[in-house]
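Look over the sequence and the 3D view, then read on by topic.

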Amino acid sequence: MAISRGEVLHVARLARLELSDAEVERFREQLSAILEAVGKVAELDLSGVEPTAHPLELSNVWAEDEPQPSLDAGEALASAPDREGHFFRVPPA
Amino acid sequence: MSWEPVIGLEIHVQLKTRTKLFCRCESGFGAAENARTCPVCLAHPGTLPVPNRLAVEMTIQLGLALGCEVAERAVFHRKNYFYPDLSKGYQISQYDEPLCSGGRFSVPGPAGDLEVGIVRAHLEEDAAKNVHVGGAEGRIGGATRTLVDFNRGGTPLVEIVTGPDLHSADEARRFLQLLRQTVVELGVSDAEMEKGTLRFDVNVSVRPRGSSELRTRTELKNMNSFAFAAKGIERELERQIAIYEGGGEVVQETLHFDPSRESAPPLRSKEEAQDYRYLPEPDLVPLAPPVELVERLRASLPELPAARIRRLAADVGLELAEGLVTSGRDALFDRVPGDRRMVANVLMNQLAGAGVDPTSVDPAELGKLIEARGRIPRSVFGEALASSGEPGFTAERYLGEAAISDASALDPVIERVLAANEAQAAAYRAGKEGLLGFFVGQVLRETGGKADARVVSERLRERLQA
Amino acid sequence: MTIDTLRLTAEEAAGLLERGELSAAELHAAYRAAIEERNGELNAYLTLVERVEGAGVPIALKDVISTRGVETTAGSKILAGYRPVFDSTVAARCRAAGFPLLGKTNMDEFAMGSSTENSAYGPTRNPWDTTRVPGGSSGGSAAAVSAGLAPWALGSDTGGSVKQPAALCGIVGLRPTYGTVSRYGIVAFASSLDQVGPMTKTVRDCALLYRAIAGRDPRDSTTVDLPEPVELPERDDLRGVRIGVPRELNEAEGIEPGVSAAVSRALDLARELGAEVAACELPRSVEYGLACYYLIAPSEASSNLARYDGVRFGLRAGGDGDARRMYEQTRREGFGDEPKRRIMLGTYALSAGYYEAYYGQAQKVRTLIRQEFAAALERFDVLVSPTSPTVAFPLGAKTANPLAMYLSDVLAIPPNMAGLPGLSIPCGLSEGLPVGLQLVGAQFAENVLFRVGHALERAVGFDVVPRRLA
Ligand SMILES: [Mg+2]
Ligand SMILES: [Zn+2]
């Protein structure tokens, strides 16, 4: 299953990864080879088989609606690459 | 050709839980920026969501009120996209296995009940708040930077999606008002548009009347009031009809309604088609609401506003009934004695106009006041209504102020008014009888509103015919 | 008192502390001295901790485990300098147990790799042969324990990342039953597979450490309490134990003859100890396991790694354009090739039109794998195979070919897809390098694995000290 240059670029855009031309080509080759290998799963006829999203069959795991302390603002912003007052600052979105 | 509007709504209701959906930070307004955040809602590496049980129960309760089926198994999905207000790079929402689906919500209307299909009601988390700063107008387009406050990030929302079952702006408004009141009465949300705890998008298309096709729809985003929504819908309908009538085709797009400009310019075009890459949220396990829980929630549903509107409409007409119920005034209405229609009118018009909190009013005293409405001066009645919410209010105090109905007191005033308006008097005598109201108004003004309007008009008619 | 950190087990160390023959500070200092001496050539640690907090046996934690106030990078440049404001649950449990932290160990970036060469901070080297890899992604923890730089350590295992480096470094590694150890605070790679596990010199140490970290965590909805308490293995025999030898896991292409030979010898010993040993099949689990894994893990990873966007923590680059540009630059500079490859692979597998054929299909394959293992584990208490098809390979041997690297986990991955526990113990040498034996049990059958692993460990008599350091 070969993947095209355009598909590599599309996927990189969706994933917010900037790639150089050389990277696009290298990843195209590698991803094609990997997709070829993993595409093997398509060989199996699995109609009627339920998917496994999780190895354990649990349900209704939840918590009560009781507040716990939040971080103080200093901690919340401690790792921020950029801030303004108590806000996280980013280039215009 | 005659065109039929086809309208569907997507409503987001913020649930009134104490904590967020997937962490135990307090939700709600009023804290300093980012003061209600923790490693989970800031998406620090390795943190995991734990669902809020009350939010699940509220969603089920709301779903039941909308006539939905509650799923035996519901699953959270990740909806992947990048934006600074989305800390994890995905929103935890529900996709193909929502908590509630397949509902039907009836809105009493002038031509019978309006049946609106509820495609789904699911639980999801809200995004944080972006503030776009700098640039000419501080608008998205010209901003120099974006500031992010994650306090709202992760607050529980119920997203309600209707079928394309609404066929006018007015139907959309009536549906939304009733839905809002329902949500408020269930106690699951404050549903205040000004605070953003109720938000909705509108999908609009048109089709030739009589056809059942669904044509390309546009999405109106960021509606911030029912009135603006109605306006926006009207304008979009006109736009689409004009396009079709001009031989064109409507393009599927998202429009951002700007009430100040009364226009709906398209949002910035997306650089690529949106592809959310939904996947079942591997950090969470499925919800399987136990039957006993669902039945307990069903049994706890109060009488819903739609039923009360139907009940009241028989007495006071649909419009007043709808107004009373969707404003929450019907609780007072039920307890105020007197002529039903008169009471309804006073509650919906004068009392509302005077800004009196209906919950602070003594219904018996208000009933006495309304009963005496014809016998006391209008200004006194107004004054009494305005103070009817005050503690210790009694109607008695105002009932003494009888209207001036004594001819000997009124005649001099009437003479003065007629003398001052000879031309109008002549016109009346020449057949322009509609001017009577003008003279009544002048006399009432001269007496500071204390004249009995009925007596005044009788006397005026006699004098003018003389 | 001189402490031979190369030989001292955690259990022995605990005994010394208990009897007051040694203080926690002295013990910590002994490991610090060993680190001083040998970490330079091995690069097992990324961060060292000076302060001795706790009166127990010190521990090294893989750098994927969030530690309050102590830099946690997951081997990535994008988290350089990031100091969590909270403890992961396993770190908190280690703290509560009184294990002072020695430091954070090197790893493949975001636990993506099988050689620890994908670390943004340089590769870790194998203590048995420093021209070779220690395995990965928990290579730093494996090397640290093997070289006496920590008495025990925690790693994380998504597709073999505890078991395989344990095998390649000649130590014991447990990948626990999915859901028994909290993932809260573990930098996520693939949520439905990630599991933290102990890396130790002995099976008893492994059981002791597992006991300290396992059990339901209210912060992780996918955890459960252990159905039975962890037992420290005592018995030396294997009477009554039924051992299955899945043909496909033992005859897979690429298994080195020396590896097969060591595994056969271990099976002979098992028979001598009284176990019943018989062949069995796992036809589709092995044939499709790797493909299934390389769809599910990258898909989840593509979503889990979306949070590294330069907004709230970690690296930011390209701050002079718009937010989108900042994202693209930050992620370009912050991620190495392997995360980029997997993010793109996963994004592709989840994108419109491909979901059913890839992610959806892989989830169904996962059901088949569960069913196959469940059937085999009805007949057998334990399934046995090599942990890795090869012994430690030379640095750089597979870095140019991602697929070849992925095959290093072909035997470790299938049971992981089914959420099953797997224990790797050293079972001998091949070409002078350790060979790992993989023992797989039913869900929550860790006690069975400890019993079998302990008895075999005694019988094999493997010397855990790397020859060149002995
Ligand atoms: Mg939504
Ligand atoms: Zn929070």
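Which residue of chain C forms a salt bridge with A:Asp82? The partner is C:Arg316, and the closest N and O atoms are 3.8 Å apart. A salt bridge here is a side-chain nitrogen of Lys or Arg within 4 Å of a carboxyl oxygen of Asp or Glu.

This is a predicted model: local features need pLDDT of at least 70, side-chain atom pairs count only at pLDDT 80 or more, and totals for chains, interfaces and linings use all residues. Residues are numbered from 1 along each chain as its sequence is written, chains are lettered from A and ligands numbered from 1 in the order in which they are written, and side-chain values use heavy atoms, with hydrogens and water left out.

**Chain A against chain C**

- In this interface, 54 residues of chain A are in contact with 66 residues of chain C. Contact means heavy atoms within 4.5 Å.
- The two chains bury about 5400 Å² between them, with 66% of it on carbon and sulfur atoms. Buried area is the accessible area (1.4 Å probe) that two parts lose on being put together, summed over both.
- A:Arg16, A:Glu18 and A:Pro55 supply 13% of the area that chain A buries here, more than any other three residues.
- The rule finds nine salt bridges across the interface of chain A and chain C.
- It also finds 22 residue pairs in polar contact, both at pLDDT 80 or more. A polar contact is a pair of N or O atoms within 3.5 Å; within protein, one must be able to donate a hydrogen and the other to accept it, and residues adjacent in sequence count only if both atoms are side-chain atoms.
- Helix 1 (5-14), helix 2 (21-38) and strand 2 (87-90) of chain A each give at least two residues to the side that touches chain C. Helices (H or I, at least four residues) and strands (E, at least two) are DSSP runs, numbered from the N terminus.
- Helix 2 of chain A gives the most to that side, with 10 residues.
- By class, that side of chain A has 35 nonpolar, six polar and 13 charged residues. Ala, Val, Leu, Ile, Met, Phe, Trp, Tyr, Cys and Pro count as nonpolar, Asp, Glu, Lys and Arg as charged, and the others, Gly among them, as polar.

**Chain B against chain A**

- Here 46 residues of chain B are in contact with 28 residues of chain A.
- The area buried between them is about 3600 Å², and carbon and sulfur atoms give 61% of it.
- The rule finds two salt bridges across this interface.
- The side chains of A:Glu64 and B:Arg53 meet in a salt bridge at 2.8 Å, N to O.
- Helix 1 (53-65), strand 7 (129-133) and strand 8 (145-149) of chain B each give two or more residues to the side that touches chain A.
- Strand 8 of chain B has the largest share of that side, five residues.
- By class, that side of chain B has 26 nonpolar, eight polar and 12 charged residues.

**The magnesium ion**

- B:His12 (NE2), B:Glu124 (OE), B:Glu124 (OE) and B:Glu159 (OE) coordinate the magnesium ion (ligand 1), at 1.9 to 2.8 Å. Donors are N, O and S atoms within 2.8 Å of the metal (3.2 Å for Na, K and Ca); water is not among the atoms, so sites may look incomplete.
- The donor residues are spaced H-x111-E-x34-E in sequence.
- B:His12 lies in strand 1 (residues 3-14) and B:Glu124 in strand 6 (residues 114-125) of chain B, so the pair ties together parts that are 112 residues apart in sequence.
- Both B:His12 and B:Glu124 are buried. Buried means under 20% relative accessible area, exposed over 50%, partly exposed in between (1.4 Å probe, protein chains only).

**Chain B and B:Thr47**

- Chain B has 15 helices and 13 strands.
- Of its 466 residues, 53% are buried.
- B:Thr47 is found in the loop between strand 1 and helix 1 of chain B.
- B:Thr47 counts as buried, at 5% relative accessibility.
- Its side chain reaches the backbone oxygen of B:Pro39 at 3.4 Å.
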